[in-house]
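Please keep the sequence and the coordinates open beside them.

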Amino acid sequence: MKTDSGTVDLGRFDFASGDEIENLEVAYETYGEFDGDNAVLICHALTGSQNVAGYGSETTGQARAWWNDIVGPGKAIDTNDYYVVCANVPGSCYGTTGPASEDPEGEVYGTDFPPVTVADWTRSQRLLLDELGVGRLHAVVGGSVGGMNALDWAKRYPDDARYVVSVAAAARLDAQCLALDAIARRAITTDPHWNGGEYYDRDEAPTDGLALARQIGHVMYLSKASMEGKFGRRAAGRDARRDSFPSDPAAAFFPYRDVESYLDYQAEKFVDRFDANSYLYLTRAMDDYDLAEGYEDDAQAVAAFEGEALLLSFTGDWHFTTEQSETLAAAFREAGAPVAHHVIESDHGHDAFLVEPEKVGPPLRDFLDSGVEGRAVHDTDADADSGPGGDFAPVHASLFSQ
Ligand SMILES: CC(=O)SCCNC(=O)CCNC(=O)[C@H](O)C(C)(C)COP(=O)(O)OP(=O)(O)OC[C@H]1O[C@@H](n2cnc3c(N)ncnc32)[C@H](O)[C@@H]1OP(=O)(O)O
Ligand SMILES: N[C@@H](CCO)C(=O)O
């Protein structure tokens, strides 16, 4: 398979905030060969990278090859058929310009970097594709906040994609998730090493704050059922490493639990691969996103969309619920755009889109091939037609319910 990776300098970039930077560099990867009509743009999630599949990238850790089971030769997004493009979003820290990058004078931007929005990501991707010689896309596919990014394509460039796929996403975050993101940001900004965002030339970075922020995030990506199944109330094994935070007075008397050990391990891995300021910027972009912004409602926002949409949701996901996807599907239907809302039964929580490729792959593959008529694509509307309540009733999953 032909692959390519690089960084394109898009020159001066005007952000939605009204701020600008002189040079926006965008790091990207491509897989497969472009035939003029087969480009698929993949939008990564909050802490993902351009390395959607593991071929030849230097990105390390969990951001590496994050959809390796979905993208590649013979896989659901088959790189024998499609030319796949994935780009790191502005504000992130995997090669695209963000707070940890240097400005033209050689100074690290830090918190002088402009606030970023999902709209900025979409525009930067359009400009990158222009540079790569890609006009109309076969599809835009994204998961989590990448799914919001894909929806933004349907709104901002309604003629530019034949198909839009939004996986485990919604038109906007709900209040519970906004609250947890706000607490996560506070964990970073109250870490003394954050130092107003200026820590790049210091010995210490705000790793404790970032670790806490990620732990809050990580709980959002699991479900009550998956956490119970994975850990229960078990104590961690004897050789489990204790976390590096100060212990509370009673810690020695009570067990260090498996679930604590897991979160500590995940946090430890995360702080090695992600920048604290980027986390602040990107969560702000996610929190701010509202599909209806600038329009009367969601249906108006997608009224000009010329393509077909697939919304994939997971019953155990309380970060972006099946109910939110159903409301979004109703908006596409109202706008007259062909849409399928395909619900996947899963206990895995939000990260099901990363860890259950066997469930995500078939509807995705068939949708990219035949749109909403694809063989493995089911729609809640069709289920509702099949009898009272249909085969499917949206599951309301929250932090406090299974
Ligand atoms: C586009 C993107 O989304 S980008 C980046 C990828 N996603 C994320 O970072 C989102 C957050 N989710 C995760 O990090 C998840 O770990 C995923 C989605 C990447 C993988 O999920 P799973 O395959 O279910 O793995 P799981 O969450 O169980 O983690 C496994 C790791 O935890 C370790 N672990 C498991 N239980 C424990 C425990 N009790 N104590 C300490 N460590 C533990 C395992 O040893 C394993 O370590 P390794 O990664 O070094 O091999
Ligand atoms: N767990 C994924 C999705 C979050 O929405 C990530 O960290 O990027």
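1. With which side chain does the side chain of Asp160 make a polar contact? In this predicted model, the partner is the side chain of Arg126, at 2.9 Å. Asp160 itself is found in the loop that runs between helix 2 and strand 10. Setting aside neighbours within four places in sequence, Asp160 is in contact with Arg126, Arg136, Leu137 and Trp153.

2. Helix 2, which comprises residues 145–156, has 12 residues that should span 16 Å at 1.5 Å a residue, and this agrees with its end C-alpha atoms, which are 16 Å apart. The buried residues of helix 2 are Val145, Gly146, Gly147, Met148, Asn149, Ala150, Leu151, Asp152, Trp153, Ala154 and Lys155.

3. As for the sheet, the model contains an open one of 8 strands in the order 1-4-8-5-9-10-11-12, and its pairing is mixed. Its edges are formed by strand 1 (3–9) and strand 12 (339–344), each of which pairs on one side only. On average, and with direction ignored, neighbouring strands of this sheet are turned by 20 degrees against each other. Helix 9 (residues 322–335) packs on the sheet, where it touches strand 11 (308–314) and strand 12, and the direction of helix 9 makes about 165 degrees with that of strand 12.

4. Within this sheet, strand 9 (residues 137–143) pairs with strand 10 (residues 161–167) in the parallel sense, over 6 bridges, and Val141 stands opposite Val165 in strand 10. Strand 10 has 6 of its 7 residues buried, so it is largely enclosed by the rest of the structure. Strand 11 and strand 12 also run parallel and are joined by 6 bridges.

5. Leu310 deserves a separate look. This residue lies in strand 11 and stands opposite Ala340 in strand 12. Leu310 counts as buried because its relative accessibility is 0%, the cut-off for burial being under 20%. Not counting residues up to four places away in sequence, Leu310 touches Val164, Val165, Ser166, Ala340, His342, Pro363, Leu364, Phe367 and Val377. The C-alpha atoms of Leu310 and Gly371 are separated by 7.9 Å, although these residues are 61 residues apart along the chain.

6. Helix 6 (residues 258–273) can be checked for length as well: at 1.5 Å a residue its 16 residues should span 22 Å, and the end C-alpha atoms are 23 Å apart, which agrees. Which residues of helix 6 are buried? They are Ser261, Tyr262, Leu263, Asp264, Gln266, Ala267, Phe270 and Arg273. The cover over these buried residues includes helix 4 (207–221), helix 5 (224–230) and helix 7 (276–288).

7. Turning to the ligands, ligand 1 is surrounded by 19 residues, of which the closest are Gln62, Arg214, Tyr262, Tyr265 and Lys269. For the side chain of Tyr265, an N or O atom is 2.3 Å from an oxygen atom of ligand 1. The corresponding distance to an oxygen atom of ligand 1 is 2.4 Å for the side chain of Lys269 and 2.5 Å for the side chain of Lys230.

8. Which residues surround ligand 2? They are Ala45, Leu46, Thr47, Gly48, Ser144, Arg214, Tyr221, His350 and Asp351. An N or O atom in the side chain of Ser144 is 2.4 Å from an oxygen atom of ligand 2, while a polar side-chain atom of Thr47 lies 2.8 Å from an oxygen atom of this ligand. For His350, an N or O atom of the side chain is 3.3 Å from an oxygen atom of ligand 2.

Terms used
Residues numbered from 1 in each chain as written. Chains lettered and ligands numbered in written order. Predicted model: local features only at pLDDT ≥ 70, side-chain atom pairs only at ≥ 80, totals over all residues. Heavy atoms only, no water. Helix = DSSP H or I, 4+ residues; strand = E, 2+ residues; numbered from the N terminus. Expected span 1.5 Å × (residues − 1). Buried < 20%, exposed > 50% of the residue type's maximum accessible area, 1.4 Å probe, protein only. Contact = heavy atoms within 4.5 Å. Pairing = 2+ DSSP bridges. Axes fitted to C-alpha atoms, helices over the stretch in contact; angles between N-to-C directions. Near = heavy atom within 4 Å. Polar contact = N/O pair within 3.5 Å; in protein donor to acceptor, adjacent residues only side chain to side chain.
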